Structure formats: structure tokens, C-alpha cells
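Please keep the sequence and the structure in view while reading.

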Amino acid sequence: PQGTYLYFPIWIIQRDEKHFPWPLKFIPERWVRFDAFNKIWVQREYDETEEFEGVPAGNPKAFVAFSSGARSCAGQRFATEQMTTCLSILLRSFKFEVSADYVLKLHREGFVQSPQGGIPVKIKPREHA
């Protein structure tokens with residue numbers, strides 16, 4: 001009805017074991033798994049039945065790192081600047097090469113397209129003169 005306020009308790013959603021088993025633990029394997037055949041880390045698809053090293057995949061739709069709108073996280077801009085700085089240091093220090101036989105396959109979820117299974121990249125130190 002008109003004038004109704006909706007509240008999305010992000011703090012509670014992101015600590016709900018239904019979406020993130022062991023929600024208060026740092027477990028990167030929620031989001032990635034190691035592909036031993038290709039010797040690379042790859043993004044996990046959200047599938048409640050799949051486990052990697054005993055860790056179920058986290059629900060990406062329940063993860064809202066910074067919120068949005070007028071009351072979004074005040075630290076979002078700082079975090080974005082930090083990520084940009086870290087990325088620039090990595091790009092200056094390393095070469096990132098995509099395998100010559102890689103074929104891009106797009107995965108679409110909602111309005112967002114991304115490479116299905118990620119992009120396999122080899123990382124090599126740059127030789128500075």
C-alpha cells in the first residue's frame with residue numbers, strides 16, 4: 001500500500017546460514033574452487049548441492065557488500081579506490097596472459113553477462129629494465 005516502508009535487513013541476510021554456512025568465518029572457497037586439471041582458481045557457480053573441500057557455495061544474490069542508494073556504505077568509495085590502487089600495482093608488476101586456445105563463452109544472469117567459468121589467465125612477473 002501507498003506509504004509502506006520496506007526494510008531489507010542486509011546484516012541479517014548476510015549472516016543467514018541458509019545463504020552462507022558458517023557466515024562469520026573467512027572462507028574464500030565459498031566463491032572459488034581450485035581446478036586441479038588446469039591449475040587455476042575458478043569462480044564457483046551457485047549450486048546448493050555442490051561442495052568444494054566441504055564448503056558449500058555462497059549465495060551471490062544474498063551478498064550485498066555496500067548496499068545502494070542514499071544510505072549506502074560510506075566506505076564504498078574508499079574501498080573502490082583501494083582496489084584500484086591494488087590493481088594498478090598488480091598490473092605494473094605482473095603480466096596477465098590469456099591462453100591462446102581460450103574461447104569466450106558468455107554466461108548471462110539477469111542484466112549481467114560474464115565469462116562462463118571465468119577467464120583462465122597465466123600470471124608472470126614483469127621484467128623491469
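## Residue classes and model

In the counts by class below, Ala, Val, Leu, Ile, Met, Phe, Trp, Tyr, Cys and Pro are taken as nonpolar, Asp, Glu, Lys and Arg as charged, and the others, Gly among them, as polar. The model is predicted.

## Largest pocket

Rolling a probe the size of a water molecule over the atoms shows where empty space is left. The largest pocket has a computed volume of about 660 Å³. Its lining consists of 24 residues, and those closest to the centre are I40, V42, G117, I119 and P120. Two or more lining residues come from each of strand 1 (32-35), strand 2 (40-43) and strand 8. Strand 2 is the biggest contributor to the largest pocket, giving four residues.

Sorted by class, the lining of the largest pocket comprises nine nonpolar, six polar and nine charged residues.

## Second largest pocket

The second largest pocket has a volume of about 410 Å³. It is lined by 19 residues, and Q43, E45, P60, H107 and E109 are the ones nearest its centre. The elements with two or more residues in this lining are strand 6 (106-109) and strand 7 (112-115). Strand 7 gives the most, with three residues.

By class, six nonpolar, eight polar and five charged residues make up the lining of the second largest pocket.

## Strands 1 and 2

Strand 1 and strand 2 are paired in the antiparallel sense, over four bridges. V32 has Q43 in strand 2 as its bridge partner. Four residues lie between the strands of this hairpin, in which K39 has a positive phi near 55°.

In a regular strand the side chains alternate between the two faces of the sheet. In strand 2, I40 and V42 make up the covered face, and W41 and Q43 the uncovered one. I40 and V42 are also among the residues closest to the centre of the largest pocket. Q43, from the uncovered face, is one of the residues nearest the centre of the second largest pocket.

E53 is exposed, its relative accessible area being 64%.

## Salt bridge

How many salt bridges does the count give? The count comes to one salt bridge. K124 and E97 form a salt bridge in which the closest N and O atoms are 3.3 Å apart. This distance qualifies because the cut-off is 4 Å.

The pair links distant parts of the chain, with 27 residues of separation: K124 belongs to strand 8 (residues 121-125) and E97 to strand 5 (residues 94-98). Are the two residues buried or partly exposed? K124 is partly exposed, at a relative accessible area of 39%, and E97 is partly exposed at 30% relative accessibility.

Methods: Residues are numbered from 1 along each chain as its sequence is written. This is a predicted model: local features need pLDDT of at least 70, side-chain atom pairs count only at pLDDT 80 or more; totals for chains, interfaces and linings use all residues. Side-chain values use heavy atoms; hydrogens and water are left out. A salt bridge is a side-chain nitrogen of Lys or Arg within 4 Å of a carboxyl oxygen of Asp or Glu. Buried means under 20% relative accessible area, exposed over 50%, partly exposed in between (1.4 Å probe, protein chains only). On a 1 Å grid over the protein atoms alone, a cavity is a set of points where a 1.4 Å probe fits but cannot get out, and a pocket is an open set with protein on both sides within 12 Å along at least five of seven lines; lining residues have an atom within 4 Å of a point. Grid points are joined across faces, edges and corners, and a volume is the space filled by probe spheres set on the points. Two strands pair if DSSP finds at least two bridges between them.
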